[in-house]
Amino acid sequence: MGDLSARQIVIASHNAGKLREFADLMAPFGFEAKSAKEYGLPEPEETGTTFEENAYIKAFAAASATGLPALSDDSGLVVDALDGAPGVYTANWAEMPDGTRDFGMAMQRTEVAMHERGATEPAQRSGRFVAVICLAFPDGEAEYFRGEVDGTLVWPPRGTLGFGYDPVFQPDGHEKTFGEMSAEEKHGWKPGQPTALSHRARAFQKFARARLGAA
Ligand code: IMP
């Protein structure tokens, strides 16, 4: 497996919300972690049908373009009442005709679809956020780390923190939605601490333990 001893890594994302979270998660490890956006790389088309395939497409594109190891995340919201949708297509559900993304509209679309399926009671509104982190090297070698967090879809949206679908997702065992949680509550994790909360932090925790020597 490729090595990370140069302590340089590309964060293969253009998503501002994800980049903020990765910056927080990478902070304790003393890496130079620049984003694909900072390298001026184009966003590759996500043509895969699984989180793993899309995570690989993004990480390998960044690794081959820069010659450095790259870390990507493909993530999404899986709603049980919608047979797993929007899932891998979570970002696509926010796409507007002019190419911009509107997550208020996307959350509404999810809500309308759940209503059409009669999913109005909390027990019928279960779902989870999934994140698959891919670590890829310029020679194509890759490793995957998956994190999930179960919760309930709420309506109306609550909270203005976070990004994407955070305001409609209430993780199990918590009163607040992700949109009402501070960055520290949602994805704060440092080596040696027990399980992190968010899907991304859980996937990152596995990566950090496997490849960065974290406790
Ligand atoms: P992709 O991984 O770039 O295909 O996009 C995943 C989409 O899922 C994002 O654009 C967000 O809308 C949504 N998503 C993923 N993780 C989160 C999260 O932590 N909070 C809220 N929305 C998320």
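**View 1. Lys 18, a buried residue.** Lys 18 is buried, with a relative accessible area of 9%; buried means under 20% relative accessible area, exposed over 50%, and partly exposed in between (1.4 Å probe, protein chains only). The model is predicted: local features need pLDDT of at least 70, side-chain atom pairs count only at pLDDT 80 or more, and totals for chains, interfaces and linings use all residues. Residues are numbered from 1 along each chain as its sequence is written, and side-chain values use heavy atoms, with hydrogens and water left out. Lys 18 belongs to helix H1. Its side chain reaches the backbone oxygen of Asp 73 at 2.9 Å. This is a polar contact, that is, a pair of N or O atoms within 3.5 Å; within protein, one must be able to donate a hydrogen and the other to accept it, and residues adjacent in sequence count only if both atoms are side-chain atoms.

View 2. Helix H1 covers residues 16-26; helices (H or I, at least four residues) and strands (E, at least two) are DSSP runs, numbered from the N terminus. Which residues of H1 are buried? They are Gly 17, Lys 18, Leu 19, Glu 21, Phe 22, Leu 25 and Met 26. An α-helix has 3.6 residues a turn, so residues three or four places apart point the same way. At the start of H1, a side-chain oxygen of Asn 15 comes to within 2.9 Å of the backbone nitrogen of Gly 17.

View 3. A polar side-chain atom of Lys 18 lies 2.7 Å from an oxygen atom of the ligand. For Lys 186, an N or O atom in the side chain is 2.7 Å from an oxygen atom of the ligand. A polar backbone atom of Tyr 165 lies 3.1 Å from a nitrogen atom of the ligand. The protein covers 97% of the 490 Å² of accessible area that the ligand has on its own, as computed by the Shrake-Rupley method with a 1.4 Å probe.

**View 4. The shell around the ligand.** The ligand is surrounded by 19 residues, of which the closest are Lys 18, Phe 103, Asp 166, Lys 186 and Arg 200; a residue is counted if one of its heavy atoms lies within 4 Å of the ligand. Five residues of the shell are nonpolar, six are polar and eight are charged. Strand E3 (70-79) and helix H5 (199-211) are the elements that give two or more residues to this shell, and E3 provides the largest share, four residues.

**View 5. Two cis peptide bonds.** Most residues other than glycine have a negative phi, and most peptide bonds are trans. The bond from Ala 85 to Pro 86 is cis, with omega near -10 degrees, and Pro 86 is in the loop between E3 and helix H3 (103-116). The bond from Trp 155 to Pro 156 is also cis, with omega near 5 degrees. Pro 156 is placed in the loop between strand E5 (142-153) and strand E6 (169-171).

View 6. Arg 7 has a positive phi, near 50 degrees, and is placed in the segment before strand E1 (8-11). Arg 7 is partly exposed, at 39% relative accessible area. Asp 83 has a positive phi near 55 degrees and is found in the loop between E3 and H3. With 66% relative accessibility, Asp 83 counts as exposed.

Technical notes. Nonpolar A, V, L, I, M, F, W, Y, C, P; charged D, E, K, R; others polar.
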